[in-house]
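Please look at the structure below with these notes beside you. They take up the surroundings of the ligand and then the division of the chain into domains.

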Amino acid sequence: IFPDSEDAHDILDVLEEYLEELEVDIHTNCPINANDIEHELNERMEPVFLIENDKISLNASKIVVSTGGITYPSTGSTGDGYRIASRMNHSITDIKPGLVSFNVDDFLLRSLSGLTLSDVELSFKDKKKKISVRGDALISHFGLTGPAVIDLSNLLIEKSKFTILDDSLNQKSDEEIEELELFTNKITIDFTPDLTEEEIKEQITKDTPDNGKMSIKNYMKKFLPANFVDYFLMKINISPSKTMANITKKDKNKIAENLKRHPIEIESLEMDLAKVTIGGVKSKEIDSKTLQSRFVDGLYFAGEVLEMAGPTGGYNLQIAFATGYLAGQEAANSLK
Ligand SMILES: Cc1cc2nc3c(=O)[nH]c(=O)nc-3n(C[C@H](O)[C@H](O)[C@H](O)COP(=O)(O)OP(=O)(O)OC[C@H]3O[C@@H](n4cnc5c(N)ncnc54)[C@H](O)[C@@H]3O)c2cc1C
């Protein structure tokens, strides 16, 4: 999905070239609110959309709503699409921030900002089921971020029952949003996803005779990034200067257990960095073959305004491109 040049301007240039070639009128800085659109049928019983505000006045027989989500307002997306859809009788599912980072209220963890925890498995419990993502996590000045954290956030938020919109489909206040409850605030980090707890204990037992004088701090570099070891040992109450020869069975159990299930308490979601909005115009109310509304002829939806959202890795851009192409083609072809 990403261009070879890794420069988004190149995609914009291509799209602009198409628009120029097709002599499409472009109106920028011209937000259309739900109340600016009237929908009626003409004398031939065909749909007509009348769009009018202080910047624009036009009639259209087809419209494609592709106004994005609501959780990253600097893109210009403020949730107008939900209000437009709702005015046309569509339901809006719970709206939540997606692909977010986690605020963690742990000063010592935050002081390790910049440290990457490579190839770890992050998980949370759904009853007896473990829901996990494997990849890199990054410690930041606010808590945890990085690809594995961001992907886990989607799985966690999808399970959480809340919406950031009020009954009028406007965003709730920051205070209200801060109080929204997550499915769980407890996640765990597995630093050694390829080893079982038993294998870790066996490894420590095997390594002890030859390394009796080595400090546990030095030894733990075998399993953890060097800069993380002090924090890890402090959390499990083992002195970093303790020698391997003095490691007790209880210590060994604690080390193995915490390497596999190091607990982290999420304080809140880092909303400002939400890369996608989860939820949107209900999929069932849209014909998936054409992206036309099942309620209003001539009304189409594309992109992030729709209910679905994907993980990191270009899936959301793919959704935007694929649905934009389909809705555009279908709207145009139905005019022929
Ligand atoms: C920081 C960041 C990083 C991301 N990284 C990735 C990534 O690596 N991979 C990936 O797959 N996805 C990524 N995403 C998500 C992806 O960019 C979006 O899902 C995708 O761009 C959505 O496209 P869209 O056209 O539906 O909406 P948008 O790109 O949000 O475009 C909506 C457009 O509609 C306009 N608009 C909104 N309301 C109105 C209105 N009332 N009237 C007129 N115009 C209006 C807006 O100004 C905007 O231009 C990222 C998003 C962010 C914010």
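1. Before the residues are sorted, the classes need stating: Ala, Val, Leu, Ile, Met, Phe, Trp, Tyr, Cys and Pro count as nonpolar, Asp, Glu, Lys and Arg as charged, and the others, Gly among them, as polar. With these classes, the shell around the ligand in this predicted model divides into 8 nonpolar, 9 polar and 3 charged residues.

2. Which residues come nearest to the ligand? Of the 20 residues around the ligand, those that come nearest are I32, D80, E304, N316 and L317. Helix α10, which spans residues 315–333, gives the largest share of the shell, with 4 residues.

3. The chain is divided into domain 1 (8–93 + 279–333), domain 2 (97–185 + 267–273) and domain 3 (197–263). Between the C-alpha centres of domain 1 and domain 2 there are 29 Å, and the contact takes 12 residues from domain 1 and 14 residues from domain 2.

4. The size of an interface is often given as the accessible area lost when the parts come together. Between domain 1 and domain 2 the buried area is about 960 Å², and carbon and sulfur atoms give 61% of it.

Definitions and conventions
Residues numbered from 1 in each chain as written. Predicted model: local features only at pLDDT ≥ 70, side-chain atom pairs only at ≥ 80, totals over all residues. Heavy atoms only, no water. Near = heavy atom within 4 Å. Helix = DSSP H or I, 4+ residues; strand = E, 2+ residues; numbered from the N terminus. Domains from an automatic or database assignment. Contact = heavy atoms within 4.5 Å. Buried area = accessible area lost by both parts, 1.4 Å probe.
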